[in-house]
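Please look over the sequence and the structure shown here before reading on. The report that follows takes up one topic at a time.

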Amino acid sequence: MKYCFGVDVGGTTVKMGLFSTEGNILDKWEIPTRTENEGEAILPDIADAILKKIEEKKIPEEELEGVGIGIPAPVNAEGVVQSTANLGWGYKAVKAELQCLLGGIRVEAGNDANVAAMGEMWIGAGKGEKNVIMVTLGTGVGGGIVIDGRMLVGETGAGGEIGHICVKRDEEKACGCGLHGCLEQYASATGIARLAKKRLEANEDETILRGTRLSAKAVFDAVKEGDPVAMQIAEEFGVYLGEAMANLAVIINPAVIVIGGGVSKAGEVLLPYIEEPFRKKAFFANKETKFVLAKLGNDAGICGAARLILA
């Protein structure tokens, strides 16, 4: 059997997995992310954990293909990070440094959202396909793009930043990135709550949302109850996201678009609100693109990181 490791670095914990190269998770565990002193202990801790697991499982050197790692920051094709928001790193040659700490074991590195898309393509909702867009709807909107089985990285590692497609040119409120009218402002969990607040302030229509804490979950729970106002909010959200995906599909021509992140926990009720505006605006060659919910959940990162070694 051949083996590979997948590592998903987060601000609080580092998720790690041991895989067969066929895509079976053989073991998974977590270690704390020690961000103090500019995150100097993060890579040594990861290397130590992997080397201990190799020893524990008695994995022969010739049967280990390598270690893939996902980082919450842009990562260029050489595995270099220029800075991170929550790890304490400035410039960091992640691939080279970790490879050295592991005694020469092959390492590949990528942005965590792109890596998660690779995971869904490999053994998740996009299994069997090579051209995949993954959109993660959480506090923000993240994403990853896989073309011909390979991640879209870009010049500086910022490829696939789907949340910052401009979808509303006259937006006055700034996005967290400093731009205006980004998809993230309307299709994230916080964006959906913002749409709901504006809708409720604009009219007096009766809705079960009044008097509740407005959130994406509250909106889609109300949609499931058939609440007309909630359905209007869902339609507005869907137009922003569906039309953005139609524009992106012209370039990528994906077989499948995977919807993940916390908002996706609403379930299948979510998809028609995105699909209808997508199909109205999609180029004819993209109209049959499939929309599916992500399957791997919190394991997408380690799965995709492991897949980097097999790309």
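Is Asn37 exposed or buried? At 55% relative accessibility, Asn37 counts as exposed, where buried means under 20% relative accessible area, exposed means over 50%, and partly exposed lies in between, with a 1.4 Å probe and protein chains only.

## Basis of the model

This is a predicted model, in which local features need pLDDT of at least 70 and side-chain atom pairs count only at pLDDT 80 or more, while totals for chains, interfaces and linings use all residues. Residues are numbered from 1 along each chain as its sequence is written, and side-chain values use heavy atoms, with hydrogens and water left out.

## Backbone angles

Asn37 lies in helix α1, residues 36–39; here helices (H or I, at least four residues) and strands (E, at least two) are DSSP runs, numbered from the N terminus. The phi of Asn37 is near 55°, a positive value in a residue other than glycine. Most residues other than glycine have a negative phi.

Asn253 also carries a positive phi, of about 50°, although Asn253 is not a glycine. Asn253 is found in the loop between α8 and β11 (256–260), and with 44% relative accessibility Asn253 counts as partly exposed.

## Nonpolar cores

In soluble globular proteins, nonpolar side chains tend to be buried together. A nonpolar core is here a set of buried Ala, Val, Leu, Ile, Met, Phe, Trp, Tyr and Cys residues joined through side-chain atoms within 4.5 Å. The largest nonpolar core has 45 residues, and those with the most contacts inside it are Val135, Phe220, Phe237, Met245 and Ile259. Helix α8 (residues 228–252) gives the most to this core, with 13 residues. A second, separate core of 32 residues includes Val9, Ala47, Ala73 and Leu102.

Leaving aside residues up to four places away in sequence, Phe237 touches Leu137, Tyr186, Ala187, Ile192, Leu195, Phe220, Leu270 and Ile274, contact meaning heavy atoms within 4.5 Å. Phe220 is also one of the buried residues of helix α7 (residues 216–224), where Ala216, Ala218, Val219, Ala222 and Val223 are buried as well. What covers the buried residues of α7 includes α6 (189–202), α8 and α9.

## The open sheet

Strands of a sheet pair through backbone hydrogen bonds, either parallel or antiparallel. An open sheet of five strands has the order β10-β9-β8-β11-β12, with mixed pairing; two strands pair if DSSP finds at least two bridges between them. The edge strands are β10 (150–151) and β12, each of which pairs on one side only. Strand β9 (residues 141–147) and β10 pair in the antiparallel sense over two bridges, and the bridge partner of Ile147 in β10 is Arg150.

## Salt bridges

Side chains of opposite charge can pair when their charged atoms come close. With a salt bridge taken as a side-chain nitrogen of Lys or Arg within 4 Å of a carboxyl oxygen of Asp or Glu, the count comes to 18 salt bridges. In one of them, the side chains of Glu171 and Arg194 meet at 2.8 Å, N to O. This pair links distant parts of the chain, with Glu171 in the loop between β10 and α5 (184–187) and Arg194 in helix α6, 23 residues apart. Glu171 counts as buried at 10% relative accessibility, and Arg194 is buried with a relative accessible area of 19%.

Lys217 forms a salt bridge with Asp221, the closest N and O atoms being 2.7 Å apart. Because Lys217 and Asp221 are four residues apart in helix α7, about one helical turn separates them. Lys217 counts as exposed at 59% relative accessibility, whereas Asp221 is partly exposed at 31%. In helix α9, Lys280 and Glu276 are likewise four residues apart, and so about one helical turn separates them; their side chains meet in a salt bridge at 3.6 Å, N to O. Asp27, Lys53, Glu56 and Lys57 are linked in a network of salt bridges.
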